[in-house]
There are 4 protein chains.
Amino acid sequence: MAGRQRGVDKRRAILDAAAPIFGTQGYERASVDAIATAAGVSKPTIYSYFGGKENLFRESVADSAVEQNGDALRVLQTLDVSPERWQASLFEVGVKLVECQRSSCSMFLYRTIAAESARDPEIYRTVREKAGDPILDALTGRLAMLGNAGLLQVADPALAARQFFALINAQIPELTENGTRPAADDVVRRAVQAGVRTFLLAHGVPDPQPPASTSVSQAAHPLAS
Amino acid sequence: MAGRQRGVDKRRAILDAAAPIFGTQGYERASVDAIATAAGVSKPTIYSYFGGKENLFRESVADSAVEQNGDALRVLQTLDVSPERWQASLFEVGVKLVECQRSSCSMFLYRTIAAESARDPEIYRTVREKAGDPILDALTGRLAMLGNAGLLQVADPALAARQFFALINAQIPELTENGTRPAADDVVRRAVQAGVRTFLLAHGVPDPQPPASTSVSQAAHPLAS
Amino acid sequence: MAGRQRGVDKRRAILDAAAPIFGTQGYERASVDAIATAAGVSKPTIYSYFGGKENLFRESVADSAVEQNGDALRVLQTLDVSPERWQASLFEVGVKLVECQRSSCSMFLYRTIAAESARDPEIYRTVREKAGDPILDALTGRLAMLGNAGLLQVADPALAARQFFALINAQIPELTENGTRPAADDVVRRAVQAGVRTFLLAHGVPDPQPPASTSVSQAAHPLAS
Amino acid sequence: MAGRQRGVDKRRAILDAAAPIFGTQGYERASVDAIATAAGVSKPTIYSYFGGKENLFRESVADSAVEQNGDALRVLQTLDVSPERWQASLFEVGVKLVECQRSSCSMFLYRTIAAESARDPEIYRTVREKAGDPILDALTGRLAMLGNAGLLQVADPALAARQFFALINAQIPELTENGTRPAADDVVRRAVQAGVRTFLLAHGVPDPQPPASTSVSQAAHPLAS
DNA sequence: TATGAATGAGTATTCATTCAT
DNA sequence: CATGAATGAATACTCATTCAT
C-alpha cells in the first residue's frame with residue numbers, strides 16, 4: 001500500500017517537474033538531471049519509471065494533453081445554449097478557452113508539438129487524440145445545437161469549430177510574442193472577442209456585441225499601440 | 001573583387017546549408033559540423049563568418065524570413081481588386097499564400113519560431129519584423145482598398161488581415177499532421193477556400209463561391225474521410 | 001530443516017545461474033540483476049547470501065573448480081595401468097580430459113582465470129588449489145606407477161604430468177578458435193592423440209599408436225585443411 | 001608535415017598508453033578517460049583517431065600483436081641450425097621466446113585473447129594472423145630444416161612447432177601465478193629447458209643437455225619448493 | 001583567409017549496493 | 001528471511017569552440 005502509494009507519488013512528481021522543463025527548454029536542452037533534481041528524485045528513479053528520456057517526454061506530453069483536455073472540456077460545459085444567453089456565453093467561453101490555452105501547461109504543449117513533431121510525428125497524433133479532437137468534438141456538438149435551434153447558421157459544425165478556434169487565437173501570438181511575454185488580461189479579452197464577433201458575423205448574426213461594456217472596435221487592433 | 005565575391009558565395013552557401021538543417025533538426029540537434037559539411041566549408045570558416053552557432057541561427061532565421069517575405073509579397077501583388085475579379089482573386093491568393101507557407105523554407109520558420117522563441121525571444125521579433133509585419137501590412141492595404149471600394153465591409157483592415165490568415169490556416173495543421181505528412185493539393189485547396197468563404201461571409205458577402213467548379217461544402221470537412 | 005533446506009536450494013540456484021553468466025560475459029559485463037533473474041531470486045537475496053558481486057564471483061569460481069575437479073578425477077580413475085592396456089588407456093584418458101576441459105563449465109574457468117587473475121590474483125590460487133593441483137597430483141601418481149612398473153621412463157612424474165597436459169592441449173585453442181567455435185569431435189580426438197603420442201615418444205615408448213584405427217599422422221595437422 | 005607528424009605521435013602515444021591499461025584491467029574496466037590521461041591527450045582526440053572504445057581496443061590488440069610478432073621473429077632468426085650448435089641454440093631460443101612472451105606487452109595479449117575472445121571472436125583471429133601464425137610458420141621452417149639435415153626426427157614440422165611452444169610454456173603459468181607474480185629468471189630458464197629437453201627426447205635425441213652447467217633435473221620441479 | 005587538430009564541458013545511461021517493508 | 005524501490009558513482013560519447021599552421 002505505502003510502497004505503491006509512494007510509487008504513484010514519485011511518478012506524478014516526475015511528470016510535474018518534467019512538463020515545464022521540457023516546455024521551456026525543449027526536448028534536447030532539457031536534461032534528465034535537471035528534471036530529476038526538480039522532482040526531488042534521483043536519475044535512476046526516472047529511468048526505472050519511464051525507461052528513458054524519449055519515453056519520459058512522450059508520457060509528459062500525453063499527461064499535459066489530458067490535463068489540457070480536462071480544463072477545456074470543463075470550460076465548454078459552461079456554454080449556455082439558451083436563446084437568451086448563448087451569445088454572451090460564447091464570448092465568455094472564447095475568452096476562457098484562450099485563457100486556459102495560455103496556461104503554462106498548454107504553452108508547453110503548443111511549443112512542444114511545433115518543435116518536436118518533425119522528429120517524432122507520433123507526438124502530434126498523441127496530442128490530437130488526447131486533447132485536440134475531444135475538445136473540437138465537444139465544441140462541434142455545441143455549435144450543432146445552436147444551429148439546430150436556429151440561433152446560428154452553421155452548415156458544417158466541425159468546420160465551424162475549427163474556425164472558431166482559429167479566430168479566437170488569431171491575434172494571440174503577436175500579443176504575447178509567442179508566449180514569451182505576459183499580456184494584459186483585458187487586451188487579450190478584447191482580441192478574443194474580436195474573433196468571436198467575426199465568427200458570429202460569418203454565421204448569420206447581424207451585429208454581435210460582447211457582453212461587457214468595453215467596445216470591441218477600440219481594442220481590436222492592439223498592435224497599433 | 002574576387003575575395004569579396006568568394007566571401008559572399010561562402011556566406012550564401014553556409015546560409016543555404018543551415019536553413020534546412022536547422023529546420024528539420026532544430027537548433028540543438030543541428031550540429032555545426034553537419035552544416036559545415038553540407039556547405040562545403042570547414043567549421044572555423046563558419047565561426048569566422050558568423051561568430052558562433054547562436055548567431056548563425058539568428059541570421060539563418062532572418063534570411064529565411066526575408067525569402068518567405070518576398071514569396072508572399074509576390075503573391076499578394078497578384079491580388080486583383082477590380083469589381084469583377086476580386087472575389088475569385090482572393091480565393092486564389094489564399095490558396096497561394098498557404099502553398100508558399102507550406103514550402104520547406106516556411107515550415108522551417110514556423111517550427112523554429114515555436115520551438116526556440118522561448119529560449120531566445122528575439123527570434124520572434126526578428127521574424128515578425130522581416131516577414132510577418134510586411135505581409136500583414138500588404139494584405140491590410142489590399143483589404144482597405146476593397147473596403148473603400150464598397151466591395152467588402154471591413155471596419156478594421158488590420159484585424160481583418162490577421163483573421164484572414166487565421167481562417168485560411170485553420171485546418172492546415174491537422175491536414176498535414178503539423179507539416180510532417182504531405183497532403184493532396186486539392187484537399188488543401190478546399191480547406192483554404194472554406195476559410196476564405198467564411199472570411200467573406202463575415203464581411204458582408206452574402207454567398208461567396210470559390211472560382212473552380214469543385215464544391216466547397218463537400219470538401220470542407222476533410223477529416224471525416 | 002525447511003528453512004535451511006530452502007536456503008541451500010537458493011544458494012545452489014544462484015551459483016548455477018552465476019557460472020554461465022560470468023563465464024560468457026566476464027566479471028564486469030555480468031550484472032547482478034541478470035544473475036538474480038536467472039536464478040529466480042531477487043537482488044538483495046544474492047547480497048544476503050554472498051555479500052557482494054566480488055565474493056559471489058569468487059565462490060562461483062571455486063564452485064566451478066570443484067565440479068571441474070570431480071569430473072577430471074573421475075576420468076583419471078579410469079586409467080588402466082596394466083601392462084596390456086596402459087597405452088590405449090592413456091590415449092583415451094587424454095581424449096576424455098580434453099573433452100571435460102572443453103565443457104562449458106571448464107571454458108568458463110579457463111577464460112575467467114586468464115581474464116580476472118590480474119585484477120584478483122587470489123582467483124588463480126583458488127582454482128589451482130581446488131582443481132589444478134588435485135588433478136595434477138592424481139596424474140602424477142599414475143605416471144609414477146607406470147614408471148615404477150618400467151612401462152614409462154619418467155624421471156620426474158610431476159613434471160611429466162604438466163607436460164602431458166600441455167601436449168594434449170597444444171592444438172586445442174586454434175582448433176576451437178579459443179573456445180568460440182565448436183570443433184568436430186574426431187578432429188579434436190586426433191589432435192589430442194598426437195599430443196599423447198609425442199608424450200610417449202619422449203618417455204621411452206618407441207612407436208606409440210592410438211587405439212582406434214584412425215591414423216594419427218594424417219590428422220595430426222588439422223589446420224592444413 | 002608537422003601536423004601529420006604530430007598526428008602520428010599522438011596515435012602512437014594513445015596506443016602505447018592503451019595496451020597496458022587494457023592488459024591489466026580488461027576491456028570493460030579500462031576507461032577511455034584513463035587511457036586519455038595516460039596518453040596525455042584528451043578524450044575526443046581518442047575518438048577522432050579511433051572512433052570508439054571497441055575499435056581502439058582492436059587496434060591496440062593488433063598493434064601489440066605485430067610488436068610481439070617482431071620480437072619473436074627476431075629471436076627465431078638467431079636459431080643456429082649448424083650440426084655443432086643447433087641443440088644449444090634451441091635451448092637458448094626456447095628461453096628467449098618465453099622471455100619475450102613474458103613481456104608486459106605479450107601478457108596483455110595473452111590475457112586479452114582469453115578474456116575477450118568470447119565477446120569478440122574476431123580478436124582471436126586478428127592475433128593469430130598478425131602474431132601467432134607467422135611465428136609458428138617461422139619455427140616450423142626451422143624445425144623442417146633440422147629434420148632435413150637428419151638432426152631431428154620430425155615427421156610433421158607444423159605439429160612439432162606447436163608442441164614445442166606447448167612444452168616450453170608448460171610450467172610458466174604456475175611459476176608466475178598466471179603472470180601476476182614475477183618469477184626468478186633462472187627458475188623460468190630451467191622450466192623452459194625442461195620443456196625443450198622433453199621435446200628433443202620425443203624427436204630422437206637420446207640425452208639432450210641444456211647448454212649451461214645448471215642441472216635440469218634439479219630445477220624441473222620448482223613447485224615443490 | 002581557411003583549416004586540420006585538439007579540447008573542456010556536458011549528457012544519457014547503467015550498475016552495484018542499500019533501505020523500508 | 002525476502003523484496004521492491006531508490007540511489008550515488010561512474011562511463012562512453014558528443015559538440016561548440018579555439019589554436020597553430
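This is a predicted model: local features need pLDDT of at least 70, side-chain atom pairs count only at pLDDT 80 or more; totals for chains, interfaces and linings use all residues.
In chain A, 68% of the contacts with a separation of 6 or more are between residues 24 or more positions apart, a contact being heavy atoms within 4.5 Å. Residues are numbered from 1 along each chain as its sequence is written, chains are lettered from A and ligands numbered from 1 in the order in which they are written, and side-chain values use heavy atoms, with hydrogens and water left out.

Let me begin with the fold of chain A. Of its 225 residues, 50% count as buried, where buried is under 20% relative accessible area, exposed is over 50% and partly exposed is in between, with a 1.4 Å probe and protein chains only.

Within helix 4 of chain A, residues 53-77, A:Arg74 and A:Asp71 are about one helical turn from each other because they are three residues apart. They form a salt bridge with the closest N and O atoms 2.8 Å apart, the term meaning a side-chain nitrogen of Lys or Arg within 4 Å of a carboxyl oxygen of Asp or Glu. A:Arg74 is exposed at 51% relative accessible area, and A:Asp71 is partly exposed at 27%.

I turn now to chain B and chain A. How many residues does each chain bring to the contact? Chain B supplies 39 residues and chain A supplies 39. The area buried between the two is about 3600 Å², 58% of it from carbon and sulfur atoms; buried area is the accessible area (1.4 Å probe) that two parts lose on being put together, summed over both.

Six salt bridges are counted between chain B and chain A. One of them joins B:Glu177 to A:Arg125, at 2.7 Å from N to O. B:Glu177 sits in the loop between helix 9 and helix 10 of chain B and A:Arg125 in helix 7 (residues 122-148) of chain A, so this pair links two chains.

D:Arg162 and C:Glu174 form a salt bridge, with the closest N and O atoms 2.3 Å apart. This pair crosses from helix 8 (residues 157-168) of chain D to helix 9 of chain C. D:Arg162 is buried at 9% relative accessibility, and C:Glu174 is buried at 8%.

Finally, the whole structure. A search over all chains finds 67 salt bridges and zero disulfides, a disulfide being a pair of cysteine sulfur atoms within 2.5 Å. Two cysteines may be mentioned here: C:Cys100 is buried, with 12% relative accessible area, and D:Cys100 is buried at 12% relative accessibility.

How values were computed: Helices (H or I, at least four residues) and strands (E, at least two) are DSSP runs, numbered from the N terminus.
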